[in-house]
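Welcome! Please take a moment to turn the model around before reading on.

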Amino acid sequence: MAYKQATHASADHSHHDEKPLGLTRWLFTTNHKDIGTMYLVFSGIMFFVGGAMALVIRAELFQPGLQVVDPGLFNTMTTMHALIMIFGAVMPGWVGLANWMIPMQIGAPDMALPRMNNYSFWILPFAFTLLLSTLFLPGGGPAGGWTLYPPLSLQAGDSLPLTIFAIHLMGASSIMGAINVIVTIMNLRMKEMSLLHLPLFVWTWLITAYLLIAVMPVLAGAVTMLLTDHFFGTTFFSAAGGGDPVMFQHIFWFFGHPEVYILILPAFGIVSEVIPTFSRKPLFGYDAMVYAVASIAFLSFIVWAHHMFTVGMPLAGQLFFMLATMLIAVPTGVKVFNWTATMWKGSLSFEPPMLFALAFLFLFSIGGFSGLMLAIVPADFQYHDTYFVVAHFHYVLVPGAIFGIMAGVYYWLPKWTGHMYNLRLATWHFWLSTIFVNVLFFPQHFLGLAGMPRRIPDYATQFADWNMWSSIGAFGFGLSQLLFPYIIYKCVKGGEKATNDVWEGSHGLEWLLPSPPPYHSWSDPPAVKFSDEPGEFDPHAGGGGKH
Amino acid sequence: MVKQIASGLRAAGKTVARACVAALAGITPAMAAWDLNMPEGVTELSRKIYDLHMLIFWVCVAIAVVVFGAMIYFIYRFRKSQGAVADTNLTHSTRVEIIWTVVPVVILVAMAVPAARTLIDIEDTRNSELTIKVTGYQWKWHYDYIDDGVSFFSTLARSSDAARQLGSGVDPNTVPHYLLEVDQPLVVPAGTKIRVLLTANDVIHAWWVPDFGMKKDAIPGFVNELWIRIDDDKTGLYRGQCAELCGRDHGFMPVVVDVKSKEDFAAWLAARKEEARQAKAPQAPAPAPTASPASASTQPEVAQPESAQPAATVAQTN
């Protein structure tokens, strides 16, 4: 029990900041900050690898005709781009932020299961080496789309088992991470902190962790059935043997829909931290926000078939999944309204985290609107599998999930490093990202409506103009992202000393720690009092909750 | 050596220049062709779907104006730089929270009702006058007029196929209907309720013509159905594509439908029936000559599927 020892020796903080030097520190570390850093660095690397693949795609689509890659490699790029961005960039990004912040936000010294924390990280480099190695196999990497629909995915060569094993490893890592988050929040939060005092980031992660535990085994089951269909003569998904290829889609999306909330819920948490801070006002409707996240999570389990309205479902099934999907707009709307109301009569300033959170607010809402349109089954018969869908999910994932991660990093970076980063450069990073992300994805709505299917390497000439704009946006967005590691690197290396609470309106326990915080966050829980009302701890309210 | 590099650079420069010109050319004269919206289409259902699409779109625009308007106003009005002071007591209001939960529910119900009504129409395939079986193959379509014994494959036109090869050097703009042209289009009558049965022979495909408003998956081992009724006066060619990733050449299996008047369609079908009968006739006494390249090339589309269609398809459609 590492954290208990730390508690005993808490009288002497500095002594415990000693850590092994060199590679072994990172290989064997059980410290939540070290592991969080490794997760974040890994996520950043994967973001650029997946981004490079996206640029191959956009380079090919710059003009009609095939200029850069052949159709097989193009399909591999779309497949790998999705797998790497989802499992390599966004999910580890969130786990990294959880590792860093959850113990600091709940008054704990570390994560509850530090050794497992180390394992769950170190699985990832192996998983992605396995996945990326398929690019060098004779038949190439997986090219059947990240959704791995059979029978197409079963036509893959040697890449199939490697991809499946990589997914198994990623799933194992995610489940371990999720268990760790739940155990930490439930057991290590300071005694005075009730569940309705949890910061929203902790709340959203708690719910995300339950989603992960519920659905990652389902994905593992689905891909294992693909494996046995391919190698051991089973026919789960083959009609010739009495199976059903559509059953795979049902199982996959039973995982897949909660998965998209796994990607976005922690971003809701970050935005719920950032907007109050820079509005200098507590979050509006704290408990409604918690219930909204919980309802979204619940609904995510009963809407999966809206990804597959064109497979030919019974009318009653289509109606059910349409209505259930539309219902998600209600709690999502509540969240957007609450964030907006938080700014009402606030005192707003626009530092980089706030800028990213505001862009999230606008652009995620655009993704929400197109999501609502996609829920309407008859219209979905037109939208399905077109660039309209591509535009929709990129709006919720790039200015949604990715901007959420960026807002979080810019919010807590001074706390982590003890230095202020270059605010001017980060503001540039924001504006370039926001402008180009719209140039990149907004025209894709038009392409989809005009009839361009997704996942095609070449297109009819009437789609040429918007594709060109989209590609220009892609390169602009991709290049702008180089600012991000540069700003972080400079901030780690030095800069103006950051204060403990960093931002004027910051609230929450993490801001009571020094910047940078000690190696073991809270050896003793802080002496603060919480209000009887639900809501986060607010130091500006005289240490007595948010009133 | 230096010369080679120089010529290489010049070639590269030309490519860049050409791309720039193409980019500029794309912006100016082609403006009219910049499609922004879904086509209204030419069928009963496609117009209903289009109306529904526009309804949801305008509802979303209205909500966006209100919500984004509020956000922009708050961002502008409550700037700290302009001396705004936060009112930290504004943390709850049960009344507004009830309002912004109930109002969206009402809007959603208002949208769900017409959507459900249209969906019920879409699913009603009864009383069709013509049935066509569409089978997806990697990477072409097979059309079968199952009551008339006429069937043929439809593949990407040669001109497009030559131009779409990696580094072909052919400018797609010079190819008529690049990637949306086939050797043999599906022919259907206008003003007729047509039931389309969909299945596939290898992997999942999806058959889609945007102007018909419908798209449905063609799944091996299963038969899906959809129906279309094209307006009497909307004869002509309509183009679409496979819409479900089906492998390497997924982007290269277009759907082209030639909509004829009822009379023209009847004449066309009669002619095709006759061709099919003739192609079969010499087969009975002497099967050998039909396999000769000469006769195969005269009737490739009709003769080929009869003999080439794998047994699996037959089994799957049971």
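This is a predicted model: local features need pLDDT of at least 70, side-chain atom pairs count only at pLDDT 80 or more; totals for chains, interfaces and linings use all residues.

## The model and chain A

Chain A is built with helices: the secondary structure comes to 18 helices and zero strands. Along its principal axes, the C-alpha trace of chain A spans about 70 × 50 × 45 Å.

How does the radius of gyration of chain A fit a compact globule? For 547 residues, such a globule would have a value near 24 Å, and chain A agrees because its own value is 23 Å. Of the 547 residues in this chain, 63% count as buried. Contacts in chain A also reach across the sequence: among those with a separation of 6 or more, 80% are between residues 24 or more positions apart.

## The nonpolar core

In soluble globular proteins, nonpolar side chains tend to be buried together. Here, the largest nonpolar core has 261 residues. The residues with the most contacts inside this core are A:Val271, A:Val293, A:Phe356, A:Ala357, A:Phe360, A:Ile376 and A:Ala407. Helix α15 of chain A, residues 387-417, supplies the largest share of the core, with 21 residues.

Leaving aside residues up to four places away in sequence, A:Phe360 touches A:Ala267, A:Val271, A:Pro399, A:Gly400, A:Phe403, A:Gly404 and A:Ala407.

## Where the chains meet

Now look at the place where chain A and chain B touch. The contact takes 82 residues from chain A and 86 residues from chain B. On the side of chain A, the elements that give two or more residues are α5 (71-106), α9 (245-279), α11 (315-327), α12 (329-343), α13 (352-375), α14 (377-383), α16 (423-450) and α17 (464-480).

Which of these helices gives the most to that side? α12(A) does, with eight residues. Sorted by kind, the residues of the side of chain A that touches chain B divide into 49 nonpolar, 24 polar and nine charged.

## Chain B at a glance

Chain B has both kinds of element, with nine helices and 10 strands. Buried residues make up 35% of its 318 residues. Among contacts in chain B between residues at least 6 apart in sequence, 69% join residues at least 24 apart.

## A sheet around strand β2

One open sheet of chain B has five strands in the order β3-β2-β1-β5-β8, with mixed pairing. Its edge strands are β3 (150-154) and β8 (224-229), each of which pairs on one side only. From one strand to the next, the twist averages 20°.

Strand β2(B), residues 140-145, has a partner on either side. With β3(B), β2(B) pairs in the antiparallel sense over five bridges, and B:Tyr145 stands opposite B:Val150. Four residues lie between these strands in their hairpin, where B:Gly149 takes a positive phi near 65°. With β1(B), residues 130-137, β2(B) pairs in the antiparallel sense over six bridges. B:Val134 stands opposite B:Tyr143 in that pairing, and a hairpin of two residues joins β1(B) to β2(B).

Are the residues of β2(B) buried or exposed? Six of its six residues are buried. Both faces are covered, with B:Lys140, B:His142 and B:Asp144 on one side and B:Trp141, B:Tyr143 and B:Tyr145 on the other.

## Another sheet and its helix

B:Gly240 stands opposite B:Val255 in β10(B).

Definitions and conventions:
Residues are numbered from 1 along each chain as its sequence is written. Chains are lettered from A and ligands numbered from 1 in the order in which they are written. Two strands pair if DSSP finds at least two bridges between them. Axes are lines fitted to C-alpha atoms, for helices over the stretch in contact, and angles run from 0 to 180 degrees between N-to-C directions. Two residues are in contact if their C-beta atoms, placed from the backbone, lie within 7 Å. Ala, Val, Leu, Ile, Met, Phe, Trp, Tyr, Cys and Pro count as nonpolar, Asp, Glu, Lys and Arg as charged, and the others, Gly among them, as polar. A nonpolar core is a set of buried Ala, Val, Leu, Ile, Met, Phe, Trp, Tyr and Cys residues joined through C-beta atoms within 7 Å. A residue is buried if 20 or more other C-beta atoms lie within 10 Å of its own, exposed if 12 or fewer, and partly exposed in between; C-beta atoms are placed from the backbone. The radius of gyration is taken over C-alpha atoms; the globule rule is 2.2 Å times the number of residues to the power 0.38.
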